[in-house]
Amino acid sequence: MTTQIMTGSLPDTSPPPPVGLLAELTHRCPLRCPYCSNPLALAEQAAELTTADWARVFQEAADLGVLQLHLSGGEPAARHDLVALVRHAAQAGLYTNLITSGVMLDAARITELAEAGLDHVQLSVQDSEPNSADRIAGFPGGHARKLAFARLVTSAGLPFTLNAVVHRQNLDRLDEIVALALELGAKRLEVAHVQYYGWALLNRDHLLPTRAQLDTASDLVAHAQTLHRGRLTIDYVVPDYYATEPKPCMGGWGRQVMVVNPAGRVLPCHAAESLPGLVFDTVRDHSLAHIWTYSEAFLAYRGVAWMRGACQGCPKAEQDWGGCRCQAFALTGDANVTDPACRLSPDHHLLDVAVQRATAPIGNFTYRERAGTKKARG
Ligand code: SF4
Ligand code: SF4
């Protein structure tokens, strides 16, 4: 499948600055989640930006107007310089959020991170039931380590959000996942349905929930949001495969967020490298400010000029920005068309077809692995 990328014209003025920067510090991670948002071609450690590179990028982000820095991966704690990176970010005046699996951080390092200025922790869990969680993560003993990590985080006085990626193989335990968030003292719970590109697309037949599961989960979340108001905030978005309207992915392409991958390439969204034909500038060659305004990849789908078909002239165009380009490409082979999550898309039926085909038995994941390593099944 190929796609022709529509290249936007160079702007006369700079766009409003991004609110957030997602820094993918490394693609290294001890876990092997079969829905990992990292690309299929994982960056090697030798290609990663240095501490000094990241410190410069953080300062450039702050100068550009970025407020929030999300330190992500892979597993960001796989970087030995994580504490130094947090200190640089805090000195630049950025609000720092660490997105972590929690399995590589002990009490001493958490204390160092808090002292370096870390503002917030986002911990991912794969399930509420330990054996299932470890099977999904492909990491025996991981769930117990996450629970211990959560307790250390609250002891260190850091606020944290629990992030639960949900799908067919854990959605029936959503009630227990909410209870876990309460027990651990999380202030916020993100119930995040899997997004289907990269590793998740490979595993889609094992992960897509049924309509009945989704309806039960949606009712449960609505009830829990009311029941726990003031104690636990629960974020929940209906998954695209059951939606009739697309979501403004990343707040719109090149509108709110920049992603810097481990090798320094700057992306409008973390899955953008799945789109063939786009050229991504790197922080080794250009400043973030230059890339935000002039990068071909950011211009390609910024605004509404690129739209065609159902999106062209649609009154929702400046609300959902045509949905997700990566999903449009993943489902149709053409990144320029309306996101099939939209009921007005001529490709909307592709979502139903995928749901009807998703009857694979529990297990049998294709786990996240580096290229050249044997694919594991679970
Ligand atoms: S999704 Fe899983 S494998 Fe991917 S970075 Fe996060 S913890 Fe690691
Ligand atoms: S046609 Fe395009 S702009 Fe209109 S609602 Fe659908 S995705 Fe959004």
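Reader: How do the residues of the shell around ligand 2 divide into nonpolar, polar and charged?

Author: This is a predicted model. The shell around ligand 2 holds 14 residues, with Ala310, Cys311, Cys314, Lys316 and Cys342 the closest. By class they divide into seven nonpolar, three polar and four charged.

Reader: How many nonpolar, polar and charged residues does the shell around ligand 1 have?

Author: The residues surrounding ligand 1 include Cys29, Cys33, Cys36, Glu75 and Arg368. Gly73 and Gly74 also belong to this shell, and Gly counts as polar. The shell has four nonpolar, five polar and three charged residues.

Reader: Why is strand E3 largely enclosed by the rest of the structure?

Author: Strand E3 covers residues 95-100. A residue is buried if 20 or more other C-beta atoms lie within 10 Å of its own. E3 is largely enclosed because, of its six residues, the number buried is five.

Reader: In which sense do E2 and E3 pair, and what is the hand of the crossover between them?

Author: Strand E2 (residues 68-72) is joined to E3 by four bridges in the parallel sense. Leu69 stands opposite Thr96 of E3. From E2 the chain passes through helix H2 (residues 82-91) to E3. The pairing is parallel, and the β-α-β crossover is right-handed.

Reader: Which residue in E4 is the bridge partner of Ile99?

Author: E3 and strand E4 (residues 120-125) run parallel, with four bridges between them. Together with helix H3 (residues 107-116), they make a right-handed β-α-β unit. In E4, the partner of Ile99 is Gln122.

Technical notes
Residues are numbered from 1 along each chain as its sequence is written. Chains are lettered from A and ligands numbered from 1 in the order in which they are written. This is a predicted model: local features need pLDDT of at least 70, side-chain atom pairs count only at pLDDT 80 or more; totals for chains, interfaces and linings use all residues. A residue is near a molecule or strand if its C-beta atom, placed from the backbone, lies within 6 Å of it. A residue is buried if 20 or more other C-beta atoms lie within 10 Å of its own, exposed if 12 or fewer, and partly exposed in between; C-beta atoms are placed from the backbone. Helices (H or I, at least four residues) and strands (E, at least two) are DSSP runs, numbered from the N terminus. Two strands pair if DSSP finds at least two bridges between them. A crossover is right-handed if, with the strands pointing away from the viewer, the path from the first strand over the helix to the second runs clockwise.
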